[in-house]
There are 2 protein chains.
Amino acid sequence: MADRSRRRVGIGDVAAKAGVSHATVSRVMNGNTTVNASIAQRVQAAAAELKYKPNPVGRSLALGKTETIGIVVPDLSNPTFQSILRDVSIAAARDGYRVLIADSSEVSSEEAILASEARRRCDGVVLCAPRMSQAELEELAPTLHPLVLINRTTEASSTPSLVVDYGHGIQKLGAHLVELGHRKIAYLTGPERSASNVQRLRGLEKFVQDYPEVELQVIPGGNTYDAGNEASDAVASCGATGILVFNDVAAMGLLHGLSERGIRVPEDLSITGYDDMPFARYTMPGLTTAAVPIAQLGSLAWRRMREHITQSTAESPTDHFEPHLEIRGSTAPPKA
Amino acid sequence: MADRSRRRVGIGDVAAKAGVSHATVSRVMNGNTTVNASIAQRVQAAAAELKYKPNPVGRSLALGKTETIGIVVPDLSNPTFQSILRDVSIAAARDGYRVLIADSSEVSSEEAILASEARRRCDGVVLCAPRMSQAELEELAPTLHPLVLINRTTEASSTPSLVVDYGHGIQKLGAHLVELGHRKIAYLTGPERSASNVQRLRGLEKFVQDYPEVELQVIPGGNTYDAGNEASDAVASCGATGILVFNDVAAMGLLHGLSERGIRVPEDLSITGYDDMPFARYTMPGLTTAAVPIAQLGSLAWRRMREHITQSTAESPTDHFEPHLEIRGSTAPPKA
DNA sequence: CTGAAAGCGCTAACAG
DNA sequence: CTGTTAGCGCTTTCAG
């Protein structure tokens with residue numbers, strides 16, 4: 001029943017056609033040079049004619065490797081993870097590896113399951129900013145090897161980690177405001193329990209130590225446009241001249257809200273964002289922000305993964321990524 | 001050498017521990033009810049104790065299926081494809097399937113290779129807006145079965161397709177401007193050779209037939225913020241009162257450029273975008289645009305794929321997706 | 001240098 | 001109901 005074209009050609013078919021054994025075909029397909037040139041050619045010809053390609057599943061079973069890595073992210077609609085996924089994917093592709101994705105939809109209890117599942121069908125897994133507790137992570141990590149962690153670290157030093165230094169980035173933004181002459185500064189927070197919000201707060205503690213002349217206040221906010229927008233009144237009345245906002249999206253909401261209230265940026269108030277999203281440069285005014293070098297992050301994640309796949313003796317450093325300032329129109333000296 | 005913990009537990013280990021054969025363990029793991037309850041329990045216990053999970057590669061080889069689908073996209077940094085990827089991925093995950101990604105980096109000659117490669121390790125592939133010629137597509141499609149096409153169709157009707165009706169969307173935007181009272185309208189084009197630009201132009205042909213009173217002109221543009229921005233002068237001096245822009249990003253660039261020239265939107269000029277990107281609602285003013293129902297697209301793509309994986313007799317309809325108007329502040333009646 | 005045979009880990013007929 | 005056996009498609013010793 002039309003199964004003719006459906007049956008896929010296997011190594012046996014080309015072996016038969018070339019009049020050699022399975023083994024020889026296998027050797028030729030793998031570039032084993034110990035095969036007699038004329039035989040090799042005959043095999044190549046047969047393979048080409050039958051359009052034979054080795055079945056990856058059979059290969060994987062025999063070799064014990066799949067040339068595939070898994071990547072589990074908390075939310076594929078988050079631009080940061082999209083970007084990491086993309087960069088890991090193209091870096092891996094350059095080495096002939098494919099990427100299997102798993103989205104935990106921000107439910108932390110799914111992470112371990114997805115990661116383990118992924119690990120069984122892949123040669124390694126990249127765990128992106130897992131939400132699980134440190135204890136769970138410590139327990140899970142060894143079972144996932146080779147594993148590359150992004151934005152988390154483990155005690156057991158066998159796992160390479162790539163972490164973005166969010167705290168340092170916000171210190172730089174604060175310092176930028178100070179240099180412009182600001183002394184009264186406010187931080188509009190992100191989600192309270194968010195790890196990256198906590199890192200920013202830690203960075204700010206350091207910041208006020210470095211600049212004792214600064215008066216810093218903290219205003220509750222969020223990570224959404226609406227959260228920024230709704231904080232407009234609180235921000236407008238807080239007395240600060242420079243506002244560090246959790247991220248670009250919230251900063252845009254704030255920008256919008258301030259503009260509706262007739263407060264001019266940067267003349268009346270300086271605003272900074274965080275992340276340098278694609279549209280941060282296109283707000284009016286353009287948003288001063290801290291850019292995370294995500295492209296490097298993805299390709300380095302793959303590099304670390306490859307090191308651990310190929311040589312299990314590989315080093316397991318923690319790589320730090322330093323956000324850098326992107327100064328645009330939303331910051332200026334305070335009104336005299 | 002430390003291989004102790006590395007050796008993964010196989011079906012044999014649990015068979016030994018439970019004092020039964022491989023086959024019985026397999027039956028239990030697959031929920032085969034013909035197994036004696038007490039034996040089944042013994043096996044479950046042994047499996048649990050050893051933390052045994054069936055090896056997916058072995059399973060795949062035996063069953064001839066991988067519970068994985070491939071998706072090949074032209075560019076993973078394009079928000080549209082990110083969104084499709086995400087939605088396909090979560091829909092597939094609900095049925096226990098995983099997604100393997102391949103990014104052709106917009107080089108059309110890679111598409112066939114990546115798709116074929118993906119098809120060999122997966123149970124099916126979703127080909128997203130392939131850039132290859134129609135002839136190539138017609139030749140490739142049958143070899144990829146089960147295949148789901150997005151934004152392309154094939155003659156051979158065995159391939160399910162999902163296409164977004166870009167032409168119809170721009171007709172709706174045009175009609176909206178006409179209803180507001182605009183008669184002189186301009187279309188700021190996208191990339192000249194882009195298929196979706198061509199579809200918009202076709203839609204506009206129909207549009208001017210439907211509204212003979214409209215004077216439509218076409219201005220060369222692009223799909224980037226800068227392209228929109230650079231078209232500001234051409235747009236300002238073209239005499240039209242309503243501008244249909246290729247997409248939201250270019251529309252934002254145009255918005256910015258017009259604002260710098262003191263041209264007010266929508267008082268002096270009405271502007272529409274296309275795509276309804278996340279930030280389209282947050283420009284000042286909010287951008288009237290056409291929204292493509294992408295979430296439905298991704299999950300329907302998976303549904304079609306599943307139908308073809310499970311029953312090869314499945315229907316292969318072409319599903320059409322109709323963009324809908326998202327009316328915001330950037331459009332208004334023209335100046336009297 | 002090549003072929004025969006064993007096995008990767010699992011499922012599924014087929015007997016018992 | 002359970003165990004034995006034969007593969008799935010490939011790689012890789014091991015003889016020859």
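How are H2(B) and H3(B) oriented to each other? The views below answer this and related points for a predicted model.

**View 1. Helices H2 and H3 of chain B cross in contact.** H2(B) spans residues 11-18 and H3(B) spans residues 22-29. Their axes come within 8 Å and cross at roughly 105 degrees. The two helices are therefore roughly perpendicular to each other. H2(B) contributes Ile11(B), Gly12(B), Val14(B), Ala15(B) and Ala18(B) to the contact. H3(B) contributes His22(B), Val25(B) and Ser26(B). By class, the contact residues are five nonpolar and three polar, with no charged.

**View 2. Helices H7 and H8 of chain A lie alongside in contact, with axes at roughly 10 degrees.** H7(A) covers residues 108-121, and H8(A) covers residues 134-144. The axes come within 10 Å. H7(A) and H8(A) are therefore roughly parallel to each other. From H7(A), the contact draws on Ala112(A), Ala115(A), Ser116(A) and Arg119(A). From H8(A), the partners are Glu136(A), Leu140(A), Thr143(A) and Leu144(A). Four of these residues are nonpolar, two are polar and two are charged.

**View 3. An open sheet of twelve strands takes in strands of chain A and chain B.** The order is E11(A)-E5(A)-E4(A)-E3(A)-E1(A)-E2(A)-E2(B)-E1(B)-E3(B)-E4(B)-E5(B)-E11(B). Pairing is mixed. E11(A) and E11(B), residues 318-321 in each chain, are the edge strands. Each pairs on one side only. From one strand to the next, the twist averages 20 degrees. H7(A) packs on this sheet. There H7(A) touches E1(A) (68-73), E2(A) and E3(A) (124-128). The direction of H7(A) makes about 170 degrees with that of E1(A).

**View 4. E2(A) and E2(B) pair across the two chains.** The sense is antiparallel, over three bridges. Ile101(A) has Val99(B) as its bridge partner in E2(B).

**View 5. Chain B meets chain A through 29 residues of its own and 30 of chain A.** On the chain B side, the elements that give two or more residues are H5(B), H6(B) (79-94), E2(B) (98-103), H7(B) (108-121) and H13(B) (248-260). E2(B) gives the most, with six residues. This side of chain B divides into 14 nonpolar, nine polar and six charged residues.

View 6. H3 (22-29) and H5 (56-63) of chain A give two or more residues each to the surface near DNA strand D, as do H3 and H5 (56-63) of chain B. By class, this surface has 13 nonpolar, eleven polar and two charged residues.

View 7. H3 and H5 of chain A, together with H3 and H5 of chain B, each supply at least two residues of the surface near DNA strand C. H5(B) provides the largest share, five residues. The surface near DNA strand C has 13 nonpolar, eleven polar and one charged residues.

Terms used:
Residues are numbered from 1 along each chain as its sequence is written. Chains are lettered from A and ligands numbered from 1 in the order in which they are written. This is a predicted model: local features need pLDDT of at least 70, side-chain atom pairs count only at pLDDT 80 or more; totals for chains, interfaces and linings use all residues. Axes are lines fitted to C-alpha atoms, for helices over the stretch in contact, and angles run from 0 to 180 degrees between N-to-C directions. Helices (H or I, at least four residues) and strands (E, at least two) are DSSP runs, numbered from the N terminus. Angles under 35 degrees count as roughly parallel, over 145 as roughly antiparallel, 65 to 115 as roughly perpendicular and the rest as oblique. Two residues are in contact if their C-beta atoms, placed from the backbone, lie within 7 Å. Ala, Val, Leu, Ile, Met, Phe, Trp, Tyr, Cys and Pro count as nonpolar, Asp, Glu, Lys and Arg as charged, and the others, Gly among them, as polar. Two strands pair if DSSP finds at least two bridges between them.
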